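Open the model in your viewer and keep the sequence panel beside it. The stops below can be selected one after another.

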Amino acid sequence: MIADIKAAPDGCFGLLHGCAHNPTGIDPTSEEWEKITDVIQEKNHIPFFDVAYQGFASGSLDTNAASVRYFVSHGMEIVVAQSYSKNLGLYAERIGGVNVVCSTSNFPATRSNSPI
């Protein structure tokens with residue numbers, strides 16, 4: 001995974017599962033998230049988190065948000081797609097949200113070769 005992130009051209013979007021990785025259900029450890037964050041930051045990538053199963057991996061909404069919060073705490077601009085179907089019992093409604101965390105209203109502020 002790290003090799004692929006490093007090999008991608010600078011400034012790419014990268015899809016990450018914030019918790020309960022689909023299809024494996026395996027989550028990176030805190031130390032692995034640190035390394036992933038470092039490499040994504042070095043490459044000036046934009047992380048796009050899919051957080052469909054928040055609360056299911058550990059039983060805690062807060063614990064399963066740790067990966068996303070770690071990126072934000074390092075000043076990174078991120079995009080988060082969040083499903084409310086499973087974790088909030090709204091499956092029949094197929095509802096969710098997209099959140100963008102950015103340092104300026106001119107997102108993405110620091111990317112000269114961004115595909116946006």
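A residue is called buried when its relative accessible area is under 20%, exposed when that area is over 50%, and partly exposed in between. The model is a predicted one.

Start with the cysteines. Select C12: its relative accessible area is 22%, so C12 is partly exposed. Then select C102, which at 34% is also partly exposed. How many disulfides does a search of the whole structure find? The search returns zero.

Next, select residues 30-42, helix α2. The helix has 13 residues, and at 1.5 Å a residue they should span 18 Å; the end C-alpha atoms are 18 Å apart, so the two values agree. Within α2, colour W33, I36, T37, V39 and I40, the buried residues of this helix. Which elements cover them? The cover includes helices α1 (2-7) and α3 (66-73), along with strands β1 (13-17) and β2 (46-51). After α2 comes N44, with a positive phi near 60°.

Move to S67, in helix α3. With a relative accessibility of 4%, S67 counts as buried. Show its side chain: one of its polar atoms is 2.7 Å from the backbone oxygen of G18. Apart from neighbours within four places in sequence, the contacts of S67 are G18, W33 and F49.

Now look for charged pairs. Side chains of opposite charge can pair when their charged atoms come close. The model has two salt bridges. For one of them, select D10 and K43, whose closest N and O atoms are 2.8 Å apart. This pair links distant parts of the chain, 33 residues apart: D10 sits in the loop between α1 and β1, and K43 in the loop between α2 and β2.

For another salt bridge, select R69 and D62, whose side chains meet at 3.3 Å, N to O. R69 is partly exposed, with a relative accessibility of 47%.

Finish at T104, in the segment after β4 (96-101). T104 counts as partly exposed, at 29% relative accessibility. Draw a distance from its C-alpha atom to that of E77: the separation is 9.3 Å, for residues 27 apart along the chain.

Note on methods:
Residues numbered from 1 in each chain as written. Predicted model: local features only at pLDDT ≥ 70, side-chain atom pairs only at ≥ 80, totals over all residues. Heavy atoms only, no water. Disulfide = S-S within 2.5 Å. Buried < 20%, exposed > 50% of the residue type's maximum accessible area, 1.4 Å probe, protein only. Helix = DSSP H or I, 4+ residues; strand = E, 2+ residues; numbered from the N terminus. Expected span 1.5 Å × (residues − 1). Contact = heavy atoms within 4.5 Å. Polar contact = N/O pair within 3.5 Å; in protein donor to acceptor, adjacent residues only side chain to side chain. Salt bridge = Lys/Arg side-chain N within 4 Å of Asp/Glu carboxyl O.
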